[in-house]
Amino acid sequence: MSAVRIDAIAARELAREIFVARGASAHNAAIVADHLVQSDLMGVPSHGLNRVVQYTDEIADGLLKPDAVPVVEAITPTRVQVEDESGFGQVACTVAVEVAAEAAAAHGAAFVTVRNTQHTGRLGAYTEALARKGNLAVAFGTGAVRFHRVPPFGGIEGRMSTNPISWAAPTVGEPLVADFSTTSVPEGKIRLWRDTGREVPPEVLWDAGGRMSSDPEDLYSDPPGFLMPLGGERFGHKGSALALLAEMAATVLAGDAIDDADGRGQNLALLAIRGPEDMAARVSDTVGYLRSSRPRDPRRPVLMPGEMERRAAAGATSVELGEASWRRLAAVAADCGVPTPPVDRP
């Protein structure tokens, strides 16, 4: 299926103007637009510009409050909770990074939970920001009941979301950044395959009856299908256990319930541990030892977490959207009275 390319600066401005037209403050709109386009530039389109339509739909449905201002509550010097009112997840999580960095710098460690926000975006953005300040950082994300499209291992009814996990550590160069869902692929990948007319590979998706499916539409049918936990049908108990760990950190420790009847938004937990002065050097030594492993394929050297994304972003000046995704985004822009930038069709 055909695609379009949009200049990155123009894409940011388009997203920003749409969010402002839908009631976001200039501050909130800029944070979210930057986050989405940077995700596209890093080769993570599942969390990129194609989310604009989702967010505007959620604003229209009253699920997302674009002008929400997160409230910070210090429970102890090292334990902080950020209360959101169903606002943009990227805004609330940016606040969480700031308070986690401050507390870790002062006390050596910090644990911050974000409660009742909306789609948090790419978790790696938050752990990377903390790693750049000299911390070992870990993030856990969970979703509201309406996003429960992942059964526990052995089940056939959704009880969790894709519950992503990210961690990052400083090096003498760029940080190590791992960011992955606890399902075989993130939901946004299914959305992308649907919008670009691609089939879902095996060991990723079940239809509503529990049969393996290659049709991305099955995840959005009524009743919906389900995403397989990381590890698939045979080893999915491992992914399911990681997803449950995310629930412990971001739901239970935040004082929430996994089956909250009010259908609250998503949660995030951030752990930041301040490293010693030579932490970056020690991590770099660890990386060097790992890289000394002889590659199985000489054409594909040993990779570290975050390397593929940095390579994708290096020198990138435009983002790509499937034609169908672009048409939906252009329709939203027209409805907001926002002009669309020129696009290239490779």
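**Exercise 1.** How much space lies in the second largest pocket?

*Solution.* The second largest pocket holds about 340 Å³. Of its 17 lining residues, H35, T94, A125, Y126 and A129 are the closest to its centre. Two or more lining residues come from each of α2 (26-41), α4 (89-107) and α5 (124-131).

Terms: on a 1 Å grid over the protein atoms alone, a pocket is an open set of points with protein on both sides within 12 Å along at least five of seven lines, a cavity is a set where a 1.4 Å probe fits but cannot get out, and lining residues have an atom within 4 Å of a point. Points are joined across faces, edges and corners, and a volume is the space filled by probe spheres set on them. Helices (H or I, at least four residues) and strands (E, at least two) are DSSP runs, numbered from the N terminus.

The model is predicted: local features need pLDDT of at least 70, side-chain atom pairs count only at pLDDT 80 or more, and totals for chains, interfaces and linings use all residues. Residues are numbered from 1 along each chain as its sequence is written, and side-chain values use heavy atoms, without hydrogens and water.

**Exercise 2.** Describe the largest cavity.

*Solution.* Its volume is about 130 Å³. The lining has 16 residues, with G143, A144, A257, I258 and G265 nearest the centre. Both α7 (232-252) and β10 (266-274) supply at least two of the lining residues.

**Exercise 3.** Find which residue lies over the face of Y220.

*Solution.* R194 does, 4.6 Å from the ring centre; the criterion is NZ of Lys or CZ of Arg within 6 Å of the ring centre and within 35 degrees of the ring normal.
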